[in-house]
Amino acid sequence: MPMGQMPVLEVDGKRVHQSLAMCRYVAKQVGLAGANPLEELQIDAIVDTINDFRLKIAIVAYEPDDIVKEKKMITLNNEVIPFYLTKLNVIAKENSGHLVLGKTTWADVYFAGIVDYLNYLTKINLLENFPNLQECVTKVLENDNIKAYIAKRPITEV
């Protein structure tokens, strides 16, 4: 464990940490990365935006002080969540149900993979009013390889 924590990916006997670095590496291996530096930049920008959104939710969800958490939850629900999801929904509409480049990239897979966790943290269905984001997730989940993985993965609480 290079940094003493999960996840770790081992490639050719070398252990690598950091989940987004692993995502980029695997995406290149399976054809879900950009075809050139500009496309990679566009994908990274969307993934970083999703990660910013995730962090804003996590800060509130893991707030230990219930009074502070309640106040932060108001801003999260009334400002932060609508801001991010409205913008991402427009982006998905402009990209034919994808988050970037008008085709499935690792940004779509990352979003589809994290949305259940975000729903768990917020205790709401975040995508309920965002049909283009729903379409993005559906397209990822309809991939035969992803379907097969989901069917056999361990069932967890989150």
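Colleague: In this predicted model, which residue just after H1 takes a positive phi?

Modeller: Gly31 does, with a phi of about 80°.

Colleague: How do I read the sides of a helix?

Modeller: Start with the general idea. An α-helix has 3.6 residues a turn, so residues three or four places apart point the same way. Now the case here. Leu20, Met22 and Ala27 are the buried residues of H1. They lie on the same side of H1, because they cover an arc of only 150° around the axis. The face turned away from that buried side carries Lys28 and Gln29, both exposed.

Colleague: What covers the buried residues of H1?

Modeller: The cover includes strands S1 (8-11) and S2 (14-17), along with helices H2 (37-61) and H4 (106-122).

Colleague: In which sense do S1 and S2 pair?

Modeller: Antiparallel, over four bridges. Glu10 has Arg15 in S2 as its bridge partner. The two strands form a hairpin with two residues between them. In the turn, Asp12 has a positive phi of about 50°.

Colleague: How do I find empty space?

Modeller: Rolling a probe the size of a water molecule over the atoms shows where empty space is left. Here the largest pocket has a volume of about 1,200 Å³. Of its 32 lining residues, those closest to the centre are Val109, Gly113, Ile114, Tyr149 and Arg153.

Colleague: Which helix gives the largest share of that lining?

Modeller: H4, with nine residues.

How values were computed:
Residues numbered from 1 in each chain as written. Predicted model: local features only at pLDDT ≥ 70, side-chain atom pairs only at ≥ 80, totals over all residues. Heavy atoms only, no water. Buried < 20%, exposed > 50% of the residue type's maximum accessible area, 1.4 Å probe, protein only. Arc of directions from axis to C-beta. Contact = heavy atoms within 4.5 Å. Pairing = 2+ DSSP bridges. 1 Å grid on protein atoms, 1.4 Å probe; cavity = no way out; pocket = protein on both sides within 12 Å on 5 of 7 lines; lining within 4 Å. Points joined across faces, edges and corners; volume = space filled by probe spheres on them.
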